[in-house]
Each structure stands twice: as structure tokens, then as C-alpha cells.
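Work through the exercises below with the structure open. Try each task before reading its solution.

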Amino acid sequence: MTFTDFNLKESIQHAVAEAGFTEPSPVQQEAIPLVLDGHDMIAQAQTGTGKTAAFGLPIMSMMEADGSVEGLVIVPTRELAMQVSDELYRFGRNAGLRTATVYGGTSYSKQIDRIRQASIIIATPGRLQDLLKSNMIKISPKFVVLDEADEMLDMGFLDEIKNIFTFLPKERQTLMFSATMPKAIRKLAEEILENPKTVSITKSETTNTKITQQYYVVQEHERDDALVRLIDFKNPNKCIIFCRMKKEVDRLVAHLTAQGFKVSGLHGDMEQKQREVTIRAFKQGGIDIFVATDVAARGLDVNDVTHVFNYHIPFDSESYVHRIGRTGRGGKSGEAITLVSPNELRTIKRIEKDVGTQMSTEVIPTRVEVQNAKANELIAKIAETEVTEAAINLVKTLQHDLDIVTIAHLLASMIQGENAVKGKDKIGLDHAEIAKAFERSRDEKSSKNRGRGRAPRRRNDRDRNERGGDRRSKTRHHSGGGRDSRNGGRGSNRG
Ligand code: ADP
Ligand code: MG
């Protein structure tokens, strides 16, 4: 199937070809014909599956570019507004369709000017409601889209959304997109949609199949070491590490910075400006690692995120789906890696079942294994390196005092020292130990008769001790210049 199979306006088809899209994604294949037929629609599909084009292309194809606001797209965050706006502008510019982006924190007058010239508005709920309520703008869009509806509800925008709809014409085509379909979403759909068609990309397609999912079983106190080892081993281009709490984000940022990684935290309560600067640095490669909470990473769309790490398993399956959807975007492949303690094995099984995918159980590579892998990379890199004039002169100088083999040994040692893998050799559980842990967790479940499928959040004594261990290592960081004696620290080697 190609985009020419749809009945899209010529100028729009042209833009799709220019964007380099060849094959419509599953959600696009299903949604585009339904929207062109004039139906209301509720569509469920995982992030990164091309929902913007799924609604953008058909509604823009039906627009007349008559100078009025014909389309309204409501999105949860300012970033998403800018992003969706960019994509829609690209599709619509040849058709004479202008976009206006509407969000809080900037001047009203500029936005109102833009809205006067726009065919499509992309807006966050708060600012849009302000503009409508105060009569600063009057619009009667024929097409209304709620994008990432579940996130908007999670962020507490339900009242704003309901209120916005009181200002919109009854005669309209309404589309709702959501990665997940909790009850609140279905209820809202009943209120704002009329005879909607449902598009649900089935579970195996919901989680982007290009994302491989793995988990590693570690003891509580091994999480930091496991994380660093895995980053060393996987060598991610860009990665996001998810934590449960802001406190943990801060601690991990300090820890990883001390290890020489280019890392930054992403907080829900960061100022918008600061947040944008940080995200830009991440996009441009000034930062390789983001440590974030679920809330902070909402709507974050950065291409080339090769790995998502769950430092802790998320509390529910929906967060899991959202988190791993930050990688594998735009048809690229990605890896989602989750650290679980033996106590959390049942939680991971439940998430596997909910999400409908199978994750593979992996064993954390030993220090020697990572070292060998790095040595192989190094050999390949040496083979590719071109000899420079400066290098020839350097070797000439060295040869005054040393023979050529000694020089080679010294240079190799220097490079390897920079790449040295730290930490204890074995981290986490091996396959046999994981199997045992599974057995234990099943026994516990049947003997205690806890049949509800959710791992009980008990804090046993060992757990408490390990938490204490975490705290101690934090203190060490602050007082000891970031050197963690447990795994050597590498602040002096990297960065
Ligand atoms: P979603 O809204 O589902 O999270 P997006 O609409 O943001 O996904 O699309 C994710 C990325 O995939 C964007 O960079 C977009 O340009 C690209 N994309 C969308 N549809 C296609 C397609 N059919 N072929 C190639 N790339 C696509
Ligand atoms: Mg989207």
C-alpha cells in the first residue's frame, strides 16, 4: 500500500512524498480512509506510530484554505504543540494551509495575530481555554483533534477540554487519539464523539515491534552498578533512564556525572525555558543521557534515542508503554531495558501480560565480557583511523628514546585506560538464579494466596538495609567529589 491509494488532494500527496514517507503506517492505513469519509473516530496506537499524519493528512486534504480556522488540534504540552505544528506545516504549506501554535507562557497578541491567518491551530488546553473564555478569539473549526488524549487527562486537563468544547460548533468532525484507553478516555469519547469509528492497532502492533524489550534481575543495591555496566556494554547513542521519583533522578544524575557521562536530569517542575534548552542539548548531542520521571518525559519526542532504561520498573503497564515508546521512533529500532529485583518478578510478568509482548530475560555481562567487546571495537576503530601528520611527528619524537613496540604498548595502554570497565565482575542474577527466584516468587504467591497479580510492596529487612546502602552512597558522592569507592569512579578518566 502507498499514499497514492488514498484519495488525498494532490498538493498533500506531494508533501508526503517530499517528507520521504513511502508506506503508510498501520494506524495511517486504517484512519485516513475513515477520516476522509467524514467519520468521527477514536484511535488507539502507541507513540511513534505516525498518528500526526494519520489525522493531519486527511483533514488538511479536506480543507479549503479559505482564510478561516478550519482545524483545531489539542495536545498536552507546548513541545508537542510545536512538533505537531512543524509536521502539519510541512504537509500543508503547498496547499496554502497555515498553522498557528498556541500555548501558555508567551504573549497573547502574537498568538492571536497568527490565529487570524491560520487554517489550523495546534493548542495546549490551558491557553486555548483562556483565549476562548475571554472572547479573544472566535473559531468554528470543522475538524477537531484531541491528540495524546490519555496524557491530557493524566495531566489533569479534563475540565479545560470539556469547557473548550462548549465553544466549538456542534457540526464538526472530531477525532481522538490515545496510546491507551482507560475508562476516563472512553467516557470522554462518549461525550464528544458522534457515532465514532474505532481504530485499534492490535496489541502486537501497539508496542512498536522494532523495540526489543529485555529485563535484567539485580539485587536492590546493585542497580547503580548494573546501570553503568549496561551503558558501557550497550554504548547507547542517546538514552533515557526512567526513575520513579525526582529525588532518584537527582541522585542518578550526580552518580553518572561523576562517572564521566554527559547526563542531565529532566524534571516535571523545570522551568519551560530551561527544559527547552536541555532538550535541545539532548537533540544536538551535548547531552547523551536523560534521567527523567514519567511526568517529565511526557510528550518528549527525540529521534535517535537508541535505548530506554527503566532504573525501576514502572508502577503500571501504561507508563511502561509510554516510556518505551520514547525509543524506536520514526521506524527506527530501539531497545528497552528494565532492571528488576527478585521481588518485582511478578510485576514484570503482569506488565508483559498487559502489554501483550514477551520480554527476554538477560544476564548482565561481566566486566571481562564488556572489556573484550570494547577491545574488539577498538581494533575495528584502529583499522579505520587515518594517520595524521602530527601523529607521525609524535612517533618520530618518541623513537628518540623508545623502540616502536614499546611505543605501541604505551599508546594502547593509554587508550585502554580511558575505556577501562569498572566495577565488580559479576552483577545481578544469572539464568539459574533467576529461575530460582521465579520459583520462590511463585511459592510465596501460592502460600500467601495473593491472587491479585500485583507484587505486594513489602519492605522486608533486607530491603531496608539496601535502601540504607543507597543513602550512604549518596552521601559519599557529595562529600567525596563524586568518587564512589564501590565501583572505582571514573571521573578522572572520562569527560
Ligand atoms: P505519534 O504521534 O504516533 O507518536 P508521529 O506522528 O510523531 O507519531 O510520528 C513519528 C515519526 O515518524 C515522525 O518523525 C514522522 O515524521 C514519522 N512518520 C510518520 N509516518 C511515517 C511514514 N508513513 N513513513 C515514514 N515516517 C513516518
Ligand atoms: Mg503524536
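This is a predicted model.

**Exercise 1.** List the buried residues of H15.

*Solution.* Start with the leucine, Leu-345, and go along the helix. The buried set is Leu-345, Arg-346, Thr-347, Ile-348, Arg-350, Ile-351, Glu-352 and Val-355.

**Exercise 2.** Decide whether Ile-112 is buried or exposed, and find its contacts beyond four places in sequence.

*Solution.* First, locate the residue: Ile-112 sits in helix H5, residues 108–117. Second, apply the cut-off. Ile-112 has 11% relative accessibility, and buried means under 20%, so Ile-112 is buried. Third, set aside the neighbours within four places in sequence. Ile-112 then contacts Leu-131, Met-136 and Ile-137. Last, check a distance: 9.8 Å separates the C-alpha atoms of Ile-112 and Thr-101, which lie 11 residues apart along the chain.

**Exercise 3.** Describe the whole chain: how many helices and strands does it have, and what share of its residues is buried?

*Solution.* Count the elements: 20 helices and 14 strands. Then take burial: 49% of the 495 residues count as buried. Now the surface: the chain exposes about 23,900 Å², with 50% of that area from carbon and sulfur atoms. Finish with contacts between residues at least 6 apart in sequence: 76% of them join residues at least 24 apart.

Conventions: Residues are numbered from 1 along each chain as its sequence is written. Chains are lettered from A and ligands numbered from 1 in the order in which they are written. This is a predicted model: local features need pLDDT of at least 70, side-chain atom pairs count only at pLDDT 80 or more; totals for chains, interfaces and linings use all residues. Side-chain values use heavy atoms; hydrogens and water are left out. Helices (H or I, at least four residues) and strands (E, at least two) are DSSP runs, numbered from the N terminus. Buried means under 20% relative accessible area, exposed over 50%, partly exposed in between (1.4 Å probe, protein chains only). Contact means heavy atoms within 4.5 Å. Accessible areas come from the Shrake-Rupley method with a 1.4 Å probe; for residues, only the protein chains shown count as cover.
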